[in-house]
Amino acid sequence: MDRTKCLVIGSGPAGYTAAIYASRANLSPILIEGMQPGGQLTQTTVIENFPGFPNGITGPELMDNMRQQAVNVGADVRSGVVTDVDFEVAPYKVTLDDGNVIEADTVIIATGAAAKYLGLSDEVKYQGMGVSACATCDGFFYRKKVVAVVGGGDTACEEANYLASLASKVYLIVRKPFLRASKAMQDRTLNNPKIEVLFEHNAEGLFGEDGVEGVHLVKRLGQPDEEHYDLAIDGFFLAIGHKPNSDIFKKYLKTDETGYFVSTDGSGVKTVVPGVFVAGDVADSRYRQAINAAASGCRAAMEAEHYLTNK
Ligand code: NDP
């Protein structure tokens, strides 16, 4: 059984940054990459809002760089998926999918969140070719173009308004006859001349030769006046919520009603279990940006170091 002073779970910006800081603090961390090595950014194209890259950088390249940096400073980066944890008493026990168990004095959970998709096969077909679940990441590529956003919550409205500042036209595809977003956000959306809200609409599929050229829509699904038609668009954005990857830790740690970890203090990274810290999107339902995830990974590693020093 391996033993480490610091086990990092997850390989997005939060996990790699935690590993870099923990390594440099002589904690000799082990990092378990998880189901999607590199995390959500490996699914994006060019990233132009991560400081330090004046000409932008692709998501996969940025994550490769972070991984390499973690390895260069001594982190032990391993592939594998955590299937179970035991946080009853330190050292904590973390079980991997190959059956191995690692004992850790501190654990940093940076397992991220996954954007929800509708489940259409076309979402997979056109991923990175007109389909995106992050307007802040990809909106820039749709300047003066026509886009659609799916969802009726605060995220969808926020993303529709953001995209409206770039695109020539934004359709908001809402399955109900009303928006779920806050009143202020609804007003902003309904009063934005570039946004057209399509209430009681569902997306059934996408079409296009080398990328998205349009969406197949159904209006008033299941009603006697159900209507199917196609709408020409250049980009299709999902904003129907995210699911934090927190399930296997819920027995020990506090989460909100949607599953995001709730920190016990202003640090945003401490939990009710001493020596167990959270970082990145799994503890952040609001900002969900790589730079914030990296910053919280740094905080988690610094708190892990303080915890071990004080112990
Ligand atoms: P929400 O769960 O609030 O909204 C999800 C939206 O997507 C709903 O309109 C829902 O429709 C729709 N949806 C879900 N599944 C499907 C589907 N299969 N097909 C079509 N539509 C679907 O998620 P958000 O990400 O918007 O917000 C999460 C939380 O974060 C909320 O508490 C929100 O208030 C908060 N937030 C706050 C912000 C702010 O204050 N500025 C900004 C962003 C988020 P339906 O209504 O029919 O269920």
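Visitor: What makes the three strands β14, β15 and β16 an open sheet, and in which order do they lie?
Guide: In this predicted model, the order is β14-β15-β16 and the pairing is antiparallel. The edges are β14 (201-207) and β16 (227-232), each of which pairs on one side only. From one strand to the next the twist averages 25°.

Visitor: Why are helices α1 and α2 called roughly parallel?
Guide: The axes of α1 (residues 13-24) and α2 (residues 59-72) cross at roughly 20° and come within 9 Å. Angles under 35 degrees count as roughly parallel, and α1 and α2 are therefore given that label. Their crossing is left-handed.

Visitor: Which residues make the contact between α1 and α2?
Guide: From α1 they are Pro13, Tyr16, Ala19, Ile20 and Ser23, and from α2 Met63, Met66, Arg67, Gln69 and Ala70. By class, this contact has seven nonpolar, two polar and one charged residues.

Visitor: What is the angle between helices α5 and α6, and how far apart are their axes?
Guide: Helix α5 (residues 154-164) and helix α6 (residues 183-190) pack at about 35°, with axes 10 Å apart. The crossing of α5 past α6 is left-handed.

Visitor: What makes up the contact of α5 with α6, by residue and by class?
Guide: Asp154, Cys157, Glu158 and Asn161 of α5 meet Met185, Arg188 and Thr189 of α6. These residues divide into two nonpolar, two polar and three charged. Asp, Glu and Arg count as charged, so Asp154, Glu158 and Arg188 make up the charged group.

Visitor: How is the protein chain divided into domains?
Guide: Domain 1 takes in 2-114 + 242-310, and domain 2 takes in 121-238. Their centres, taken over C-alpha atoms, are separated by 32 Å.

Visitor: How many residues does each domain give to the contact?
Guide: Eight residues come from domain 1 and eight residues from domain 2. To count as contact, heavy atoms must lie within 4.5 Å.

Methods. Residues are numbered from 1 along each chain as its sequence is written. This is a predicted model: local features need pLDDT of at least 70, side-chain atom pairs count only at pLDDT 80 or more; totals for chains, interfaces and linings use all residues. Side-chain values use heavy atoms; hydrogens and water are left out. Axes are lines fitted to C-alpha atoms, for helices over the stretch in contact, and angles run from 0 to 180 degrees between N-to-C directions. Helices (H or I, at least four residues) and strands (E, at least two) are DSSP runs, numbered from the N terminus. Angles under 35 degrees count as roughly parallel, over 145 as roughly antiparallel, 65 to 115 as roughly perpendicular and the rest as oblique. A crossing is left-handed if the near helix is turned anticlockwise from the far one by less than a right angle, and right-handed if clockwise. Two strands pair if DSSP finds at least two bridges between them. Domain bounds come from an automatic or database domain assignment.
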